[in-house]
Amino acid sequence: MPAPWRLAFEPAWEALRAGSRPVGAVLYDPEGDVVAAGRDRSREATAPPGLLAGTDLAHAEINALAQLPAGRRYPGHRLYTTLEPCLLCSGALIHAHVPHVVHATADEHWRGVERVPEVGGATAARWATREGPLDGPLRPLARFGALLMTLWGLVHTRDLVPEGPAAREARRHLDAGALDAATARAAYEMVRDTLSVSR
């Protein structure tokens, strides 16, 4: 599995195990070095210093971007995230001066966020370029990310899960009694192994 996606999906797995949304994010500089990483901690009581936990604002992207020193710009930096950034995280990318985001999975709840730059002004000028969802050989990761989010949503927020292929697959797993840590870990390892073989 390419390093950016391994470093994003492993924290997403940790978030799922902790009861938070299964989303992870990692920020790379132009030389390919990791600058910061974060995961969703919204359903957890504590977080490392400088990160958010126990609030609906504790998104993976926010926790990654919160590690950046204020007053700087980050040209050439890329944030890799397992889920398409919502409006909150898109705003954080603007304020953190990070110009590019790559997401593995589309967020069905926030369709239309990509149209925000149409308001013009500083929002349009500083809006991060978006790339995703993943396709081609990495498409299994997009499907896995959607499945994780849908499984989490069905357990924690049943009324907020949009209908579609991921929801049908997630409900099939739930109906079979398959939502447990061992099953999720097996699915993650299957995706990882599939990508390793295909590279």
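1. The expected span of a helix is 1.5 Å times one less than its number of residues. In this predicted model, helix α1 covers residues 3-17, and its 15 residues should therefore span 21 Å, a value that agrees with the 21 Å between its end C-alpha atoms.

2. Several residues of α1 are buried, among them Trp5, Phe9 and Trp13, together with Pro4, Ala8, Pro11, Ala12 and Ala15. Just after α1, Gly19 takes a positive phi of about 90°.

3. Where does His77 lie, and is it buried or exposed? His77 is found in the loop between α2 (60-65) and β3 (78-83), and because buried means under 20% relative accessible area, His77, at 11%, counts as buried. Its side chain reaches the backbone oxygen of Tyr74 at 3.2 Å and the backbone oxygen of Pro75 at 3.2 Å. Leaving aside residues up to four places away in sequence, His77 touches Leu27, Tyr28, Asp29, Pro30 and Val35, and also Val98, Pro99 and His100.

4. His97 belongs to the loop between α3 (87-96) and β4 (100-105), and its phi is near 60°, a positive value in a residue other than glycine. With a relative accessible area of 22%, His97 is partly exposed.

5. One peptide bond also deserves a look: Gly132 and Pro133 are joined by a cis peptide bond, with omega about 0°. Pro133 lies in the loop between β5 (129-131) and α5 (139-156).

How values were computed:
Residues numbered from 1 in each chain as written. Predicted model: local features only at pLDDT ≥ 70, side-chain atom pairs only at ≥ 80, totals over all residues. Heavy atoms only, no water. Helix = DSSP H or I, 4+ residues; strand = E, 2+ residues; numbered from the N terminus. Buried < 20%, exposed > 50% of the residue type's maximum accessible area, 1.4 Å probe, protein only. Polar contact = N/O pair within 3.5 Å; in protein donor to acceptor, adjacent residues only side chain to side chain. Contact = heavy atoms within 4.5 Å.
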